[in-house]
Amino acid sequence: MIDVELFQRLTGDATAGTMVGTRVYPVRAPQDAATPYVVWAMVSRVGDQALGGDVSSLVASRFQFGCYAADYPTARALADAVRRSLASWNDPASAVKNTFQDNELDLSELDLNPPLIRIEQDWIITFIDT
């Protein structure tokens, strides 16, 4: 499953994993999560149609990865580590077949207590859905 692979990829990465440990969350982080952390969400999903109308197991989905930290330098370092980890994903045994970073922007989360810096990345990830 793609959620397991994303978690393992980021927590197992030498740089990103060192920064976040196991603090990689789908959709929403716990309210008391220590920083820095990553939150990811699938925001769109397009299945591949095979000849004859059958649905293929190949899926291209847009994911957003939010890299949260108490200060900008840490958020930037985490975002860079996430980018390097996802961009270099080349494991024949993985369900992930291709990754492409589509966008990145710097944001602040002033409504959180304490306020946090968030660097948001959009990725198109093509994978075999199992």
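Colleague: Happy to go through this one with you! Is Ser85 buried or exposed?

Modeller: Gladly, and bear in mind that this is a predicted model. Ser85 sits in helix 3, and beyond its sequence neighbours up to four places away, Ser85 touches Arg9, Leu10 and Asp13. The cut-off for buried is under 20% relative accessible area. Ser85 has a relative accessible area of 1%, so Ser85 is buried.

Colleague: Thanks! And how does Gly21 count by relative accessibility?

Modeller: Gly21 is found in the loop between helix 2 (14–20) and strand 1 (24–26). Leaving aside neighbours within four places in sequence, Gly21 is in contact with Thr11 and Ala16. Values between 20% and 50% fall in the middle class. At 29%, Gly21 therefore counts as partly exposed.

Colleague: How far apart in space are Gly21 and Val4, C-alpha to C-alpha?

Modeller: In sequence, 17 residues separate Gly21 and Val4. In space, their C-alpha to C-alpha distance is 15 Å.

Colleague: Let's turn to the inside. Which residues touch the most other members of the largest nonpolar core?

Modeller: In soluble globular proteins, nonpolar side chains tend to be buried together. Here the largest nonpolar core has 23 residues.

Colleague: How many residues are in the second, separate core?

Modeller: Tyr25, Ala33, Tyr37 and Val39 are included in this second core. Its size is seven residues.

Colleague: What about open space: which lining residues lie nearest the centre of the largest pocket?

Modeller: The largest pocket holds about 380 Å³ of space. By class, its lining has 12 nonpolar, three polar and three charged residues. Of the 18 lining residues, those nearest the centre are Pro30, Gln31, Tyr37, Leu112 and Leu116.

Colleague: One last thing, then. Which residue in strand 5 is the bridge partner of Asp106?

Modeller: Strand 4 (residues 96–109) pairs with strand 5 in the antiparallel sense, over 12 bridges. A hairpin through six residues joins strand 4 to strand 5. Across this pairing, the strand 5 partner of Asp106 is Ile119.

Terms used:
Residues numbered from 1 in each chain as written. Predicted model: local features only at pLDDT ≥ 70, side-chain atom pairs only at ≥ 80, totals over all residues. Heavy atoms only, no water. Core = buried A, V, L, I, M, F, W, Y, C linked by side-chain atoms within 4.5 Å. Buried < 20%, exposed > 50% of the residue type's maximum accessible area, 1.4 Å probe, protein only. 1 Å grid on protein atoms, 1.4 Å probe; cavity = no way out; pocket = protein on both sides within 12 Å on 5 of 7 lines; lining within 4 Å. Points joined across faces, edges and corners; volume = space filled by probe spheres on them. Nonpolar A, V, L, I, M, F, W, Y, C, P; charged D, E, K, R; others polar. Pairing = 2+ DSSP bridges. Helix = DSSP H or I, 4+ residues; strand = E, 2+ residues; numbered from the N terminus. Contact = heavy atoms within 4.5 Å.
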